[in-house]
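Please work through the following exercises with the sequence and the structure side by side. Each task is followed by a solution that goes step by step.

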Amino acid sequence: MTTTIRAGLLACAAGVLTASAAGAETITIATVNNGDMIRMQKLTDDFTAKNPGIELEWVTLEENVLRQRVTQDIATNGGQFDVMTIGTYEVPIWAGQDWLVPLNDMPEGYDADDILPAIAGGLTTDGTLYAAPFYGESSMVMYRKDLMEAAGMEMPEAPTWDEIRAAAEAMTDEDAGIYGICLRGKAGWGENMAFLTAMSNSYGARWFDEEWNAQFDSPEWEATLTDYLELMNNYGPPGASSNGFNENLALFQQGKCGMWIDATVAASFVTNPADSTVADQVGFALAPDKGLGKRGNWLWAWNLAIPAGSEKVDAAKAFVAWATSKEYTALVAENEGWANVPPGTRTSLYENQAYLDAAPFAQMTLESINAADPQNPTVDPVPYVGVQFVAIPEFQGIGTAVGQQFSAALAGQITAQQALENAQKLTTREMERSGY
C-alpha cells in the first residue's frame, strides 16, 4: 500500500483532519545510527499515542552517509525528509541559506529557555532557533585516579596545559604498557582537528583573522602543534596517528592511558564496569587552559531540524518538540534509567538530583559545556562561529586536509614547521578559490 493510499484511508477513518495531527501525515525522519537515536525509535509509541494521525518513517544511516544524504537533499530542496538529524556545524550554515524552518514557535510547554545557553548559542542565528538539540557534549579530561595517587600528584579541577604535561610524564610507564596521555591523532575535521582546534583556542590561535586570512603561520599555532607533538611523542601510545575517538576509548578502558582528553559523552563508557577495567578509578577535570581565558574544550550537539523543503512542517515540529522535550527525558529515565538519558541539552536535567546521583560526571560535563562559546570561540576576534570547527561550507574539506598534515607530523613523516607551512598554503588557496 502506498503512503498516499494509506494516508487517505486514515483520513477517512478519522473523519475530520485536525491541524495538530497534520492531516494524518507520514513524516520521514533521517537520523544517525547511534545508541541514543535507536533508543528514541523504540520509544516512539509514546509519540504516536499522543499524536494520532501522524505516522513516522525512519531512514537510519551511518554518520558519514547521513551527512551526504541530508546535505544533498536540502541543497537541492529535494523534500525527501521532513526531519533531519544534523550537527552543530551544519545549523548556522544552513540557516544562513534559509534552508531550515525556524523553531521559535514550538508548542506550548516546550520551554526553549531551558536549553543550555551554550548549546542554544550554536543553534541560533539572529535570535532565532533553527534546530532543537537531542544531546550535547563538550570535552574534558578523564584520568586515572590511582595512577595520579601513585605518582604523588593531584589533578586540579581546572588544570593548565603545563600541569597536564607534568601528569603525563609522571604516569607514563612504558614497561607496564601505560601511556601518560591519549589524544586524537587520526586525520579528519571531526577527528584530530576537533581536538587541535579546541586546543589552539586556548593557546590564542585562530583559523582566520577578521579578514579571513589563514593563521597557521602564527606563533600561537606553532606553540599549539609543537606542544601537542611533544605530548604525544613523549607520553602517548605508539601508532597514535591512527587513533581517533573509538581507538582511544578502547585504550583507556583497557587501562593503557593515564589521561584522555575527549568528548564528555565518553564518561558513561569509561565508568561502566561492564566495559572498562578502570571504571572505579576514573576522575574528571575541565579541559586545560594557558591562562588566556579560553579552555581547550569543544562544543557539539546532535540536533533535529526541519528542512524548508518539507510540506509537513506542523507534524514535523510536533515530533521535534516531543523528542527534545523534558518529558522525553523522563520517558527514557522511566524505561532505561537516568544514566541513559540524552545528556547536555537542558538546564533542568542538571538540577535533577536523581540524574546527578546516577551520573557522577554530570557536573563536570555541565561546566565543560558552559565553558565553550561558539559565538566567541577564540581569544582574539574572528569572523566565524564554531568552537572546534569553522561554520563555513568549505571547512569540511579544508579541515580534513589540514588534519592530514598534522597527522603526518605526528607520524614523523614531516616536521611541525612543514605541516604548518602546508596548512597555511592549502587553506589560503582554498579560501581564495572560494572567494573569501
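## Exercise 1: a helix and its surroundings

Task: find which residues of α10 are buried, and what covers them.

Solution: The model is a predicted one, in which local features need pLDDT of at least 70, side-chain atom pairs count only at pLDDT 80 or more, and totals for chains, interfaces and linings use all residues. Residues are numbered from 1 along each chain as its sequence is written, and side-chain values use heavy atoms, with hydrogens and water left out. Next, look at what lies over these buried residues: the cover includes α8 (161-171), α9 (192-202), α17 (395-410) and α18 (416-433).

## Exercise 2: two of the covering helices

Task: describe how α9 and α17 are placed against each other.

Solution: Their axes, which are lines fitted to C-alpha atoms over the stretch in contact, come within 9 Å and cross at roughly 85°. The helices are therefore roughly perpendicular to each other, a term that covers 65 to 115 degrees. The contact (heavy atoms within 4.5 Å) is made by Asn192, Met193 and Leu196 of α9 together with Gly399, Val402, Gly403, Phe406 and Ser407 of α17.

Terms used
Buried means under 20% relative accessible area, exposed over 50%, partly exposed in between (1.4 Å probe, protein chains only). Helices (H or I, at least four residues) and strands (E, at least two) are DSSP runs, numbered from the N terminus. Axes are lines fitted to C-alpha atoms, for helices over the stretch in contact, and angles run from 0 to 180 degrees between N-to-C directions. Angles under 35 degrees count as roughly parallel, over 145 as roughly antiparallel, 65 to 115 as roughly perpendicular and the rest as oblique.
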